Amino acid sequence: MSDSQLRVGVIGLGVGEAHIAGFEQDRRCRVTALCDIDGEHLAAVAARHPGKRTTTDPEMVLADPEIDLVSIASYDDAHAGQVIKAIAAGKHIFVEKPICFHDAEFAAISAALAANPSIRLSSNLILRRYPRFLRLKSLIEAGGLGALYYLEADYNYGRMEKIIQGWRGKLPFYSVVHGGGIHVIDLLLWLTGARPVDVVAMGTNIASRATDFRFNDTVAALLRFDNGAVAKVSANFPCVYPHFHDVTVFGTDATWRNGRDAARLYRSRDPDAAPDLLDDPYPGSLKGDLIPSFVTALLDGGKAEVECVDVLNAMAVSLAVERAAATGQPQRVSYH
Ligand SMILES: NC(=O)c1ccc[n+]([C@@H]2O[C@H](COP(=O)([O-])OP(=O)(O)OC[C@H]3O[C@@H](n4cnc5c(N)ncnc54)[C@H](O)[C@@H]3O)[C@@H](O)[C@H]2O)c1
């Protein structure tokens, strides 16, 4: 262990357990500490990953000088505080989405990162690893769709129980945009290479209003990008519909539409012309799959698949959508 070039502590061991394999794919990187506030759960996970130190106190990991990188997979409302402490302790960070919940936290994180430019941060914006979306990105970059002018990305969660029974609905604040919609927001930023500037949005809680959940369970937003393209994004948690990223990309030469069996590429307006079927795996990726490129970037230099600026840009858009839904007023995206 001691000769590992990158020593990692994982905080929160739900999806965080999947982070372990992501880090340990590189022999130069070792997860040396595991943390979960639930002692019983910690013991169960630790038994599957022997030889690692364990603690129920995240502060012990965040302050540990023998840890170079913290991987944060605690509940969403703990991320911002843990990220800021990790920055103060000089550690690199892999953080589950969302990096924060509120504008003030976003400003504090952005300022802390700007003051500590040697710290690198990435996040688990995992749609970038789905083979189907990777193929779409290549197609767009090769000019196969022409100029993109309209995109739709619906985060159809299909897991009502997660907000009415699980930890999400018990937090003091919860946003389906930050908690789920941010995945498709990041996807649109990555696919287009453009940045949304203006946002309008509305939300509803019709599906969950008879429950204890106190926030919008569904939010729909329109975005206008700096290159003039427009997009519709939604976060729909209660849908009676299996979990799916309903994405459509309209270009001047072709239209790409995701489907359960395959994506379809329409190159013609003729209703009799069959679209190309693109059946690259969907999802086709594990939750730790973005981590190896971050480890390589840290140890060898170069770019990770998800860079800090990508994490901040997606969060900036998500915050603007949440503000627009809350105020009913158009919002400008504030990038840091
Ligand atoms: N990127 C993705 O695709 C993806 C998928 C699922 C979850 N997530 C994110 O991962 C995070 C965890 O979600 P989950 O599904 O693993 O939940 P989970 O309930 O399965 O696991 C979370 C674990 O973290 C522990 N925990 C909570 N707060 C903690 C804290 N302050 N310090 C240490 N441990 C803490 C809990 O005891 C629990 O064991 C959330 O932020 C969620 O949004 C991301």
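Me: What makes the radius of gyration of this chain agree with a compact globule?

Reply: For 336 residues, a compact globule would have a radius of gyration near 20 Å, and the chain has 20 Å, so the two agree. The radius is taken over C-alpha atoms, and the globule rule is 2.2 Å times the number of residues to the power 0.38. As for the box those C-alpha atoms fill, think roughly 65 × 45 × 40 Å along the principal axes. Bear in mind that this is a predicted model, where local features need pLDDT of at least 70, side-chain atom pairs count only at pLDDT 80 or more, and totals for chains, interfaces and linings use all residues. Numbering runs from 1 along each chain as its sequence is written, and side-chain values use heavy atoms, with hydrogens and water left out.

Me: Why is Glu17 called buried?

Reply: Its relative accessible area is 18%, and buried means under 20% (exposed is over 50%, partly exposed is in between; 1.4 Å probe, protein chains only). So Glu17 counts as buried. Across the chain, buried residues make up 54% of the 336.

Me: What does Glu17 touch, leaving out residues up to four places away in sequence?

Reply: Glu17 sits in helix H1, residues 16-24, and touches Val45, Arg48 and His49. Contact here means heavy atoms within 4.5 Å. Helices are DSSP runs of H or I with at least four residues, strands are E runs of at least two, and both are numbered from the N terminus.

Me: How do you know that the side chains of Glu17 and His49 make a polar contact?

Reply: They are joined at 2.9 Å. The cut-off is a pair of N or O atoms within 3.5 Å; within protein, one must be able to donate a hydrogen and the other to accept it, and residues adjacent in sequence count only if both atoms are side-chain atoms. The side chains of Asp300 and Arg28 are joined by a polar contact as well, at 2.8 Å.

Me: Which label does Asp300 get, buried or exposed?

Reply: Exposed, because its relative accessible area is 51%. Asp300 belongs to helix H9.

Me: Which residues of helix H9 are buried?

Reply: Ile291, Ser293, Phe294, Val295, Ala297 and Leu298. They pack against several elements, including H1, strand E1 (6-11) and strand E2 (29-35).
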